[in-house]
Amino acid sequence: MDDLVLYDHAGSICSQMARLALVEKELRFTRHQIDIMETNQQFEPWYVALNPKAVVPTLKISERVVTDTLCIVNTVQDMPGPDLSGDSTTQSWLKDIMALHYGVLLYRNRLDPNGTARQIVARGHFLEDLLHRRPDLAALIETRLEGNRRFQALLADPEGIERHVASARNLVDRLAGTLKTRSYVAGETYSLADCFATAALARFKIHGFSGWWADTSVADYYARMKQRPSFAEAQVIDSGTERDL
Ligand SMILES: N[C@@H](CCC(=O)N[C@@H](CS)C(=O)NCC(=O)O)C(=O)O
């Protein structure tokens with residue numbers, strides 16, 4: 001049996017997706033939590049050696065390291081255990097659910113009147129400081145600074161924010177349409193698409209968007225996903241405030 005270690009962060013949506021896949025696959029794994037918010041352990045040399053993009057999650061399978069949530073869950077699916085492959089729509093659901101801008105959904109409620117999110121501005125300062133301290137990570141940090149600038153510009157653009165909220169709503173509407181005729185997102189059996197949909201819906205619920213699906217097939221679906229032992233075991237977060245994320 002391979003030794004599985006998941007490097008993750010409790011509130012990170014990608015980490016929750018990976019945890020759900022591992023738990024639904026009935027695999028034993030150890031969690032090594034990386035604090036990506038306060039102490040920024042993702043930039044520690046030992047972690048960047050594992051995950052050169054300095055993000056969570058990372059899965060270590062004995063000596064093999066897998067990064068990127070889509071790669072992680074598909075690697076997990078190839079391991080022994082219940083079949084989570086779903087049908088021919090599974091992979092496109094994974095891509096569509098992953099493609100939403102979860103950061104915008106989270107920070108749009110933390111804006112000062114001038115359209116700046118203090119935490120994101122502080123993040124930019126942290127990255128500039130890190131660039132001086134860690135010249136060895138210059139390329140990575142420059143990319144992150146560029147992303148930070150784009151994010152700040154987006155948060156200052158109310159129409160841009162609304163477009164991302166509309167994309168999230170559109171995903172819920174598509175799920176509602178699909179779940180009218182099937183029990184799970186990608187067919188009649190639980191699949192990786194359900195791991196992703198569950199984590200996304202949990203996040204939307206925290207943002208106060210559960211009214212989007214109140215009278216749709218998603219309501220019964222989400223209740224069923226919550227009843228699965230994996231919801232608690234994978235520590236999916238769907239209550240509390242946005243500040244807890
Ligand atoms: N494409 C990557 C994205 C991972 C990612 O963005 N993770 C976020 C948490 S959900 C992170 O680690 N952020 C750390 C940071 O912003 O410094 C994946 O799917 O694994």
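**Exercises on the ligand site and the cysteines**

The ligand sits in the largest pocket, where sitting in a pocket requires that more than half of the molecule's atoms lie within 2 Å of the pocket's grid points. This is a predicted model, in which local features need pLDDT of at least 70 and side-chain atom pairs count only at pLDDT 80 or more, while totals for chains, interfaces and linings use all residues. Residues are numbered from 1 along each chain as its sequence is written, and side-chain values use heavy atoms, with hydrogens and water left out.

**Exercise 1.** Describe the polar contacts of the ligand and its cover by the protein.

*Solution.* Begin with the residues that surround the ligand, which include Val 56, Thr 69 and Arg 144, and apply the limit for a polar contact, a pair of N or O atoms within 3.5 Å. The backbone of Val 56 places a polar atom 2.8 Å from a ligand oxygen. From Thr 69, a polar side-chain atom lies 2.8 Å from an oxygen atom of the ligand, and for a side-chain N or O atom of Arg 144 the distance to a ligand oxygen is 2.4 Å. Finally, of the 510 Å² of accessible area that the ligand has on its own, the protein covers 71% (Shrake-Rupley method, 1.4 Å probe).

**Exercise 2.** Determine how many disulfides there are.

*Solution.* Take a disulfide as a pair of cysteine sulfur atoms within 2.5 Å; the count is then 0. Cys 14 is in no disulfide, since the nearest cysteine sulfur, that of Cys 71, is 12 Å away.

Conventions:
A residue is near a molecule or strand if one of its heavy atoms lies within 4 Å of it. A polar contact is a pair of N or O atoms within 3.5 Å; within protein, one must be able to donate a hydrogen and the other to accept it, and residues adjacent in sequence count only if both atoms are side-chain atoms. On a 1 Å grid over the protein atoms alone, a cavity is a set of points where a 1.4 Å probe fits but cannot get out, and a pocket is an open set with protein on both sides within 12 Å along at least five of seven lines; lining residues have an atom within 4 Å of a point.
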